[in-house]
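Here are my notes for your first pass through this model. Keep the 3D view open as you read.

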Amino acid sequence: FSDVPHSPFAYILHSVARALGRNAFFLLQLQVKDSYVIGSSIESAFDPLRAEFKRLQVTGEPVTPGGRGQREIDRRSGKQEPFYMHTEGMPLLARIREWAKWTFRIDTRLRVHRTLRNGLAYWRARKPLPPAGTPVVYFPLHLQPEASTSPMGGVFVDQHLAVEMLARALPPGWVLLVKEHPVQRLAKRDYGFYERLGRIGNVRLVSRATGTFALMEQCRAVASITGTAGWEALFMRKPVLVFGNAFYRGAPGTASVDDPEELAARLREIERGTFPVCTAADLERFVCAVERCTEEGIVDKVYLRDSDLSEQQSIDNYAAALIRLIERPETVIS
């Protein structure tokens, strides 16, 4: 598979192949510059990365990020908006194709009622930012339907489950800031999605025009299923609560959310200021682990806009990885 199996047919095919004991590999682009993994299991796709990071921690081996690793550190250390949030640098024909795709999609046009109803509900549920000084956790919603939540989010494909767990676990007086994804189509949200958010007392659904970096600076922690916001927050030295199978789950400065009690305990640590945030050295070590356990290149053509490689270089790297996979499938252990 050229991506993690997430459409219904691909997911079923992958599951059947694994149940029959057949090799079933997929290539998954990461939010790290020019990096992708080759996996055979959705649940354990990042196990080699996590094992390598733990090894580097235990051995204390000196590390120096390579070219793509250092470029990733450099850009994340600033406040660079993800490339897919804007059209800067996109060729004219590509812009026209994107416009046509979003304008003439039949499934969206058949959901006019849902668009109108959800739009009104979103407008009603919107709330202003809390007063300055209010302790907040920032949770940016994921675009859906997308692989970032289905299948990578597990049970948290239902983002309300994550929101409600957070809202109940927050210390008294804290507020959860929820922001809709900038390019989410309202027709793709379930009926009642925004009404439910609006009914939770300590949740504020803020305008999606609000800058994500401004919200990160204001918050005490960032929560995410698998999103780029969690990765960005680590470079801002913010605690990150990870609900899904993100590649950075288990990285320094993160807390993996598996149950409400564990979530509440981590939030109490954040409240007391005892939660261990990551350091520059931690991030360098983790980025080195990413470099060692990923392929260099692009497998999702959209990411060519964000690449330091030419399209031909990515094609050559892609072909070499596939040849190695066919000849030596045992090298993929995830």
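1. Start with a term. On a 1 Å grid over the protein atoms alone, a cavity is a set of points where a 1.4 Å probe fits but cannot get out, and its lining residues have an atom within 4 Å of a point. Grid points are joined across faces, edges and corners, and a volume is the space filled by probe spheres set on the points.

2. The model is predicted: local features need pLDDT of at least 70, side-chain atom pairs need 80 or more, and totals for chains, interfaces and linings use all residues. Residues are numbered from 1 along each chain as its sequence is written, and side-chain values use heavy atoms, without hydrogens or water.

3. Two cavities reach 30 Å³ or more.

4. Find W231: leaving aside neighbours within four places in sequence, W231 is in contact (heavy atoms within 4.5 Å) with residues including V32, F247 and F286.

5. Is H14 buried or exposed? H14 is buried, because its relative accessible area is 3%. Beyond neighbours within four places in sequence, H14 is in contact with F1, P5, A24, F26, S40 and I42.

Terms used:
Buried means under 20% relative accessible area, exposed over 50%, partly exposed in between (1.4 Å probe, protein chains only). On a 1 Å grid over the protein atoms alone, a cavity is a set of points where a 1.4 Å probe fits but cannot get out, and a pocket is an open set with protein on both sides within 12 Å along at least five of seven lines; lining residues have an atom within 4 Å of a point.
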